[in-house]
Amino acid sequence: MDYETLIVEKREAVGIVTLNRPQALNALNSTLLKELRHILTSFSADDSIGAVVITGSPKAFAAGADIKDMQSLDFVDVYLGDFLGGWDEVAASRKPIIAAVSGFALGGGCELAMMCDFIIASDSAKFGQPEITLGIIPGMGGSQRLTRAVGKAKAMDLVLTGRMMDAAEAERAGLVSRIVPQERLMDEALEAASTIAKLSRASVLMAKESINRSFEVSLSEGLRFERRLFQSLFATQDQKEGMVAFVEKRKPAFQNR
Ligand code: CAA
């Protein structure tokens, strides 16, 4: 498929999606959502892909939902059309996704980064939820995922004032896992994605599922869930291979079986 708003590449076992609406700082419109869902579904079904990196441009990861498209919508349009509802599918992607963020990650852009499994930021990254300055609130998970990531005080500060935080503040707050110089951003993200893609696929998917479960259930239920997944991995050949390789002092050759 030809994409109008994305550049899609495969590098070994890593799928790379570059948001590509430079004229609008990668503002997220319905075409971009449709195309992103399409490529993530296709990466999910592609056994040769073990991890995905989503990135933008040096100036903007994404500056939010497309305000020019939204300005004339009314309640009935957005309610009956389930406006923004389709983003849940992006968040539900089973394979690991790393957000490589440079420049602005605002509104829906920050929310898209938070739908990914972790965020590697360049030192130029700026995060924020400025929806309040437009007379609305975050609509793609900002009030929920940001609060879980950085806690109530900072989430309230950011969502109620609409201010931006720089990469250093975002890392201190726990939103970002690593900060790297701008020129190292893609190398760092691709190295992390490639490391993940070489591991046993079942253990990677279960690790992601288990961490995400912790946001939904009590500690005792989460621990039970984790233990069952942990035990189930002993049914895989990759568990034998991983442990035998350790004992034999060699690198494991995982077969995804
Ligand atoms: N939607 C549509 N177009 C956008 C956009 C957006 N979110 N953000 C930037 N653009 C466009 C600008 O309109 C401009 O286009 P023109 O050249 O045609 O005028 C172009 O991108 C470049 O932007 P600026 O000239 O504004 O660039 P700047 O460097 O001066 O400022 C910025 C950068 C601070 C990010 C500023 O563009 C900005 O504040 N953008 C909007 C950020 C925002 O409010 N995001 C939240 C959107 S609502 C949302 O996301 C809801 C949700 O929860 C899903």
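Biologist: Let's start with the ligand. Which residues come nearest to the ligand?
Modeller: In this predicted model, there are 24 residues around the ligand. Of these, the ones that come nearest are Lys59, Ala65, Gly108, Glu111 and Glu131.

Biologist: How far is an oxygen atom of the ligand from a polar backbone atom of Ala65?
Modeller: Happy to set this beside two other pairs. A nitrogen atom of the ligand sits 2.9 Å from a polar backbone atom of Ala63, and a polar side-chain atom of Lys68 is 3.1 Å from an oxygen atom of the ligand. For the backbone of Ala65 and a ligand oxygen, the distance is 2.8 Å.

Biologist: What about helix 6 and helix 7: at what angle do they pack?
Modeller: Helix 6 spans residues 142-150 and helix 7 spans residues 152-161. Their axes are 7 Å apart. The pair is oblique because of the packing angle, which is about 135°.

Biologist: Which residues of helix 7 make that contact, and is the crossing left-handed or right-handed?
Modeller: The crossing of helix 6 and helix 7 is right-handed. Helix 6 contributes Leu146, Thr147 and Val150. Five nonpolar, one polar and two charged residues make up the contact of helix 6 with helix 7. From helix 7, the residues are Lys152, Lys154, Ala155, Leu158 and Val159.

Biologist: Are helix 10 and helix 11 roughly parallel or antiparallel to each other?
Modeller: Helix 10 runs over residues 201-213 and helix 11 over residues 219-232. Their axes come within 10 Å and cross at roughly 170°. An angle over 145 degrees puts a pair in one class, so helix 10 and helix 11 are roughly antiparallel.

Biologist: Which residues of helix 11 make the contact with helix 10?
Modeller: Helix 10 brings Met206, Glu209, Ser210 and Arg213. By class, this contact has three nonpolar, two polar and three charged residues.

Biologist: Last one, on Met206. Which residues does Met206 touch, not counting those up to four places away in sequence?
Modeller: Met206 lies in helix 10. Met206 and Ala168 are 38 residues apart in sequence and 31 Å apart in space, C-alpha to C-alpha. Leaving out residues up to four places away in sequence, Met206 touches Leu229, Ser232 and Leu233.

Terms used. Residues are numbered from 1 along each chain as its sequence is written. This is a predicted model: local features need pLDDT of at least 70, side-chain atom pairs count only at pLDDT 80 or more; totals for chains, interfaces and linings use all residues. Side-chain values use heavy atoms; hydrogens and water are left out. Axes are lines fitted to C-alpha atoms, for helices over the stretch in contact, and angles run from 0 to 180 degrees between N-to-C directions. Helices (H or I, at least four residues) and strands (E, at least two) are DSSP runs, numbered from the N terminus. Angles under 35 degrees count as roughly parallel, over 145 as roughly antiparallel, 65 to 115 as roughly perpendicular and the rest as oblique. A crossing is left-handed if the near helix is turned anticlockwise from the far one by less than a right angle, and right-handed if clockwise. Contact means heavy atoms within 4.5 Å. Ala, Val, Leu, Ile, Met, Phe, Trp, Tyr, Cys and Pro count as nonpolar, Asp, Glu, Lys and Arg as charged, and the others, Gly among them, as polar. A residue is near a molecule or strand if one of its heavy atoms lies within 4 Å of it. A polar contact is a pair of N or O atoms within 3.5 Å; within protein, one must be able to donate a hydrogen and the other to accept it, and residues adjacent in sequence count only if both atoms are side-chain atoms.
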